[in-house]
Amino acid sequence: MCGLNSLEIINNIISFLSQDYHYKKAPDVKRVKTIEEINQKIKDGDAVVVTASEMTRIVQENGAGEAAREVDVVTTGTFGAMCSSGAFFNFGHSDPPIKMSRTYLNGVEAYSGLAAVDAYLGATQPHRNPDIGLDYGGAHILEDLIRGKEVELVAEAYGTDCYPRTEVHTFLSLEDLNQAVMVNPRNCYQNYAAATNSTEETIYTYMGTLLPQMGNVSYSSAGKLSPLLNDPYFQTIGMGTRIFMCGSQGYILGEGTQHATEGERKNGVPIDSSGTLMLKGDMKKMDAEYVRGATMPKYGPTLYVGAGIPIPVLNEEIAQRTGISDQDISCNIYDYGVPRRSRPAVMETNYQELRTGKIEINGNEVQTSPLSSFKKALQVAEELKKWIDNGEFFLTSPVKSLPSSGCTVKPLQIKRPSIMVRDLKIKPVITARAEEAISGVARKMVDNNVNHLPVVDHADRLMGIVTSWDIAHAVAKDSRKLTEVMTKKVIVAMEDEPVELIARRIDKHEISGVPIVDRENRVKGMITAEDISRLICSQNNKEGGSK
Amino acid sequence: MKAWLNFSPTIVNKTVISDLIKNYDVTFNILKANITPKGGKMLIEISGSEAKEGIEYMEKEGIQLNPIKKVVKKDEEKCMDCGECISLCPVNAIKMDDDWTVELDNQKCIGCGFCTTSCPTKAIKIAD
C-alpha cells in the first residue's frame, strides 16, 4: 500500500495552486478518479459516500465539478414490485433418490425441468389451490424462506433406474437447501410508465387498483433514487457490478430481459421504461427487511425487491448525472383502461409532480399513488452507504458494459392473427325501438330465435338491451314500457376489437352477449357466448383437419 | 365520535334512528350498515350538542353501542410504506408523511375498505 498514487498527488497540487483550476480549465469528462483509488479510500475510511438524494442537493448547491471532486460514491436505491424475479433451489438428494418432475413449495409450483433436484420458483406463480390462488404465491414463499420459516416440499417423478423414487413429501427451511440463489431476469427498470384508467369501471392491474374516469394515477419508479436513472448511459454499471440486493451483496449478471436503449430521452434520461438489469444474490444472506412477497389485487403475486447500486463518481459528467432531480425525470401517464399492447398516453409528467400526491388531468385534480416504497428505497441507499463507510463493501469495475444502444423490444407476432369482431359472421341485426310494446318485443325474440335484443333510437343508436329474462320479468311485474325493463348501462363490443377481448369481457361481467357498435354507437349486430364457443370449436376442427 | 351500533333481532323493526334524529340535536352520519331481520351492525359518526343524550337514548332503546377510536388498523410490520392506498381513499384520510411514512387519519376514515382490499401486503384491516 503506497498511499496516494501519482494522479491524486497531481490533483492535490493542482487544487493547492488553484482551488478552481480543475473545474474551470478542464471541464472535460475524463477520469478524475479511478475505482481503485476509491476502493483505497474506502479501505482507509476516507471515502465520501452520499445517497443519490443527497447528491441531487450537492450538485444543485455546489455544481457538478466540485461534487465530482468531493464525492467518491453515490448510493442509489429502489424498493418496488419486480415481477420478473425468482430463485433457483437445490434440494439435495434423498435416499433412494428422485428426479423431480413436478415440484411444489407450500403448494406453489416451482419449475423442475432441470436435472434431478434443481428447481426455479418464479415470484408470480400463484398457489395451486384456486381458493388461495393469488393471495399466496412464489413471492410469498421467497419471503417466508428468507424469514427462516419452514416450507413444505412436495415432488412427483416418473421414476428411472437411477432415480427410482416417485414422490417426496417433506419440510425444509433455507438452511437445509444446498443453494438458494435469487436470479431475477428483469429488475430495476430504468423509469416506468404511470397508470390511469379512462373506463367507467375500476380495473385491477400490475399497476395496482385504478379507479374509473381517471380517478387516480399510480406510478412505480423511485425517480431520483432509482439506480439506472443515475447512470443513464451505463457508464459505471455493468456486468459483474457488485450491488445491494435484498440486504445482501449481490451482482449484476448483465442487462435484463426487455432491455431497451432507443427510447426518447429528456435531460439525458429515458422518459419511458428502458434499460433493465438481471440480478443474482444468495438468499441465505438476505434480510427480510429488504424483500417482500405481495399481491396486486386481482392481478397476482409479485416480489418487492430492495436493490441499491453504488455509482463511483469518476468524473464531472457522472457527478452531473447522479445529481438528477425528480423534476428532471419525466414519464408518461398511460391509459391502462385500454387492454392492448400499445396503450394511449394521456399526458407527460415528472416525478416531482407525481410525488406531491396530486396531478391535474384535463382540468381535474387527481390523486397519485406510488407503488414502490420511497421510504424503503431511501433505507436501501442509506444502508449501502453505511456498508461502504464501514469498509464492508467495495466497488467493482464492470466485466463488460451493458449495451447502451441498438436494443429495442420486439413484440410477439401471433402467426395466427386474432379474429376481430368484424370478421365474425354476424347474423342480421334485430333490434327493438324504445317505444315498442313488451308483447311485440317478446314475439320478435321468439320469431327470430334470439335471447338478446338491443334497444335503439331512430338513428339505430344503442339505448339499452333487453333479454328474454327481462321480458319474463316485465310480464311478471306487469311493466308496459320497454325502457323500464331494459338495461341501460350496456357492455358493448367494437368492430375493431379482437374476439378474445370480448370473451374476457363477457366472462368478467357474467353476461351472455354484447351488442356490437360502431364509433357512432350505432348497433351493427350481437355477439354472444354461444357465437364465441362455436368459433373456438370450428377453429379446433380446422386445426385437427390440417394435421 | 364514531361507534358501532349493534342491533339485536328484537329491535330491528323499531324506528330508533329516525326518532333519535327527530328528538335530539345530533348530527348523524351512517358510514356502514348491514341490518337484516336477524339483527346487524351499523357504523356511525355522531356529534352535536345533544350527542351524549342521543347515545343514552339509543342504549335505552336496546342498541348496544361500541365507541371506536380506530376505524382501520395498520400493521406496521406488514406495511412497507409504498403508498398504493393513498390515491384510492375517497376522503383523503391517508397521506405520506415528511419522512415518507404512510399515515392513516382515523378521524377522517369512513371505513369504506377500499384500502384494505387494495393493499399489496394486506397491512390494513378494518378495526372491530
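Reader: What domains is chain B divided into?

Author: Chain B splits into domain 1 (2-68) and domain 2 (72-126). Bear in mind that this is a predicted model. Taken over C-alpha atoms, the centres of domain 1 of chain B and domain 2 of chain B are separated by 27 Å.

Reader: What makes residues of chain A and chain B count as "in contact"?

Author: The test is C-beta atoms within 7 Å, so a pair that meets it is a contact. By that test, 24 residues of chain A touch 16 residues of chain B. Strand S13 (208-210), strand S14 (216-219), strand S21 (291-296), strand S27 (364-370) and helix H9 (374-389) of chain A each give two or more residues to that side.

Reader: How do the residues on the side of chain A that touches chain B divide?

Author: You get ten nonpolar, eleven polar and three charged. Gly counts as polar, so any Gly there would go into the polar group.

Reader: What percentage of chain A counts as buried, and why that word?

Author: A residue is called buried because 20 or more other C-beta atoms lie within 10 Å of its own. Of the 547 residues of chain A, 41% pass.

Conventions
Residues numbered from 1 in each chain as written. Chains lettered and ligands numbered in written order. Predicted model: local features only at pLDDT ≥ 70, side-chain atom pairs only at ≥ 80, totals over all residues. Contact = placed C-beta atoms within 7 Å. Helix = DSSP H or I, 4+ residues; strand = E, 2+ residues; numbered from the N terminus. Domains from an automatic or database assignment. Buried ≥ 20, exposed ≤ 12 C-beta atoms within 10 Å, placed from the backbone.
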